[in-house]
Amino acid sequence: MIVITAPTGNIGRRLLPLLLESAPAHGERLRVIVRDPARLAGPVRERVEVVTGSHGDPAVVDRAFDGADAVFWLVPPDASRTPDDAYRRFSLPAARALGAHGVGHVVGVSALGRGTPVAGRAGLVTATLAVDDLLAETGVAYRALASPSFFENLLEEADSIRERGCFTDVLDADRKAPLVAVADIAAVAADLLLDRSWTGTGSVPVLGPRDLSPNDLARIMTEQLGRPVRYERRTFDDLRTALVGHGLDKEFADGVVDMKRAKDDGLDAGVTRTPATATPTTFEHWVARTLKPAVLS
């Protein structure tokens, strides 16, 4: 029995089809925790066991982890709470339920940066790494999918790219860093959940095929979209003001800013890309398949 949290999110909705395709051959059953089962496609609901509710609820995870062998753990960011509340405290009921039900393996979505000089002041990433520690301390076999920023974050810039020909961030325009497609994270998670021969705790970097700078992204988007796209760097103060103006908890907004500042200071540069840590989806392919329809719609 594999339990999938956040099955309708960016990663979960790509992970679930992979597991539905392969789980029967492995003799696995699937159970999902979802707030709104109607967000699952009908054919999917017919093939999985559904536990309705939040996976931050002790009663929900107690039901969901009963009889489970493996769990896919993803904390959905809650910008109305402080980073500690949104990540570590949210995960406390799950940590207790893992031990109570003897779950053997957990795969969690995490972040790059552990062991770097800026890991302790990286805002949301620091909070994410605390979740890894919490789950690993339960005694389960645990793998943290250490991921950089996602290609999919640029979908939030689709309107700006369409209307103004630009996207914004706070990073140095020439700072190269790993970036990854969420589909690649889902594929790595599926492999780990289905082949649970691994033991102990550890990190699995998921780095995408190559490092890219904001200027690189602008160049590739220009080529793929057939229209000029430029990068505009904003200040950290401007970012914080915008986040608070959109209603984010002030401490959570600080967590986002601290994470971005740490990334600009090399947070994601602590792992060397190898054939084992690289993943296949290129930014060019992602722009053509995902961003272009969003921008040109």
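Val103 is buried, with a relative accessible area of 5%, where buried means under 20% relative accessible area, exposed over 50% and partly exposed in between, for a 1.4 Å probe and protein chains only. The model is predicted, so that local features need pLDDT of at least 70 and side-chain atom pairs count only at pLDDT 80 or more, while totals for chains, interfaces and linings use all residues. Residues are numbered from 1 along each chain as its sequence is written, and side-chain values use heavy atoms, with hydrogens and water left out.

Val103 belongs to the loop between α4 and β5; helices (H or I, at least four residues) and strands (E, at least two) are DSSP runs, numbered from the N terminus. Leaving aside neighbours within four places in sequence, Val103 is in contact (heavy atoms within 4.5 Å) with Phe65, Ala68, Asp69, Ala70, Val71, Leu98 and Val140. Pro58 and Val103 are 45 residues apart in sequence, and their C-alpha atoms are 15 Å apart in space.

## The nonpolar cores

A nonpolar core is a set of buried Ala, Val, Leu, Ile, Met, Phe, Trp, Tyr and Cys residues joined through side-chain atoms within 4.5 Å. The largest one here has 48 residues, and those with the most contacts inside it are Phe65, Val71, Trp73, Tyr87, Leu98, Val106 and Leu135. At least two residues of this core come from each of α3 (58-65), β4 (70-73), α4 (83-101), β5 (105-111), α5 (124-136), β6 (141-147), α9 (236-245) and α10 (250-264), and the largest share, eight residues, comes from α4.

Val71, not counting residues up to four places away in sequence, touches Val3, Phe65, Leu98, Val103, His105, Val106, Val107 and Leu193.

Strand β5 is mostly covered, as seven of its seven residues are buried. In a regular strand the side chains alternate between the two faces of the sheet. From β5, His105, Val107, Val109 and Ala111 point one way, whereas Val106, Gly108 and Ser110 point the other way, and all are buried.

Two strands pair if DSSP finds at least two bridges between them. β4 and β5 pair in the parallel sense over four bridges, with Trp73 standing opposite Gly108 in β5. The chain crosses from β4 through α4 to β5 in a right-handed β-α-β crossover, right-handed being the case if, with the strands pointing away from the viewer, the path from the first strand over the helix to the second runs clockwise. β5 is also joined to β6, by seven bridges, and these two strands run parallel; the bridge partner of Ala111 in β6 is Ser147. The β-α-β crossover from β5 through α5 to β6 is right-handed.

## Thr279 and its polar contacts

Thr279, found in the loop between α10 and α11 (283-296), is buried, with a relative accessible area of 7%. Its side chain makes a polar contact with the side chain of Asp184 (2.9 Å), a polar contact being a pair of N or O atoms within 3.5 Å; within protein, one must be able to donate a hydrogen and the other to accept it, and residues adjacent in sequence count only if both atoms are side-chain atoms. A polar atom of the Thr279 side chain also lies 3.0 Å from the backbone nitrogen of Gly208.
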